[in-house]
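Hi there,

Here is the structure I promised to pass along.

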Amino acid sequence: MTPNISLIIINRFSILYGGEKAVAVYSCIAYIISIVYLIFQGIGDGSQPIFSKYYGKGNFSSLREIRKLAYWSGIALSLVSCIIMYIARNDIGVLFGVSTEVNIEVGQIIPIFLISVPFVAVTRITTAGFYATEESIFSYVLTYIEPVFMLAFMFVLPQLFGGQIMIWWSTVFARILSAFLALILKSHVDRKKLTV
């Protein structure tokens, strides 16, 4: 549900600052990047039963190793995906049949969004880890905090620093901040629970 909330927020502010063209640009970018986000979701969801198993057995060293493998897999796949999308950036809009003008802008804007892709991997995997280790509240916080950060940034940054471009950066900043929050919460849980 939260990706849809984020989409509504981005589209609403994009209409306000960049018009229909900005919405068309973001649509192409969102469709392509969502494929990568689903891979991260798969890594997190696939790791979750293993996290639960080791957590239930009290085997925290194995839990940490599996979690480390999940993080490295997510980050490696995010970097490979970013490289592929960066190389193909000028052809992404063509896949969706957009105008030449929108396609050019997709190629110019997608590098901004690629900055946040590894951070999304961290957030998704951490969220899955919290579900698996009886920290559901932290999972919910991470699930819903990104649109909250996004909304806060979008109310402030475009007015202060330049319109539509700051809508794009607000999205990136929200995802990076969410990842840092995920790591802070993970560190807190590790000190509390995984000290064996």
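Searching the whole structure turns up 1 cavity of 30 Å³ or more. The model is predicted, so local features need pLDDT of at least 70 and side-chain atom pairs pLDDT 80 or more, while totals for chains, interfaces and linings use all residues. Residues are numbered from 1 along each chain as its sequence is written, and side-chain values use heavy atoms, without hydrogens and water.

A cavity is a set of points on a 1 Å grid over the protein atoms alone where a 1.4 Å probe fits but cannot get out; a pocket is an open set with protein on both sides within 12 Å along at least five of seven lines, and lining residues have an atom within 4 Å of a point. Volume is the space filled by probe spheres set on the points, which are joined across faces, edges and corners.

The largest cavity holds about 110 Å³. Its lining has 13 residues, with Arg 67, Gly 129, Phe 130, Thr 133 and Lys 186 closest to the centre. Helix H6 gives the most to this lining, 4 residues (helices are DSSP runs of H or I, at least four residues, numbered from the N terminus).

The largest pocket holds about 760 Å³ and is lined by 33 residues; Thr 2, Pro 3, Asn 4, Tyr 37 and Arg 124 lie nearest its centre. Helix H2 contributes the most to the pocket lining, with 12 residues.

On helix H7, Tyr 140 is partly exposed at 42% relative accessible area (between 20% and 50%, 1.4 Å probe, protein chains only).

Best wishes

Key. Helix = DSSP H or I, 4+ residues; strand = E, 2+ residues; numbered from the N terminus.
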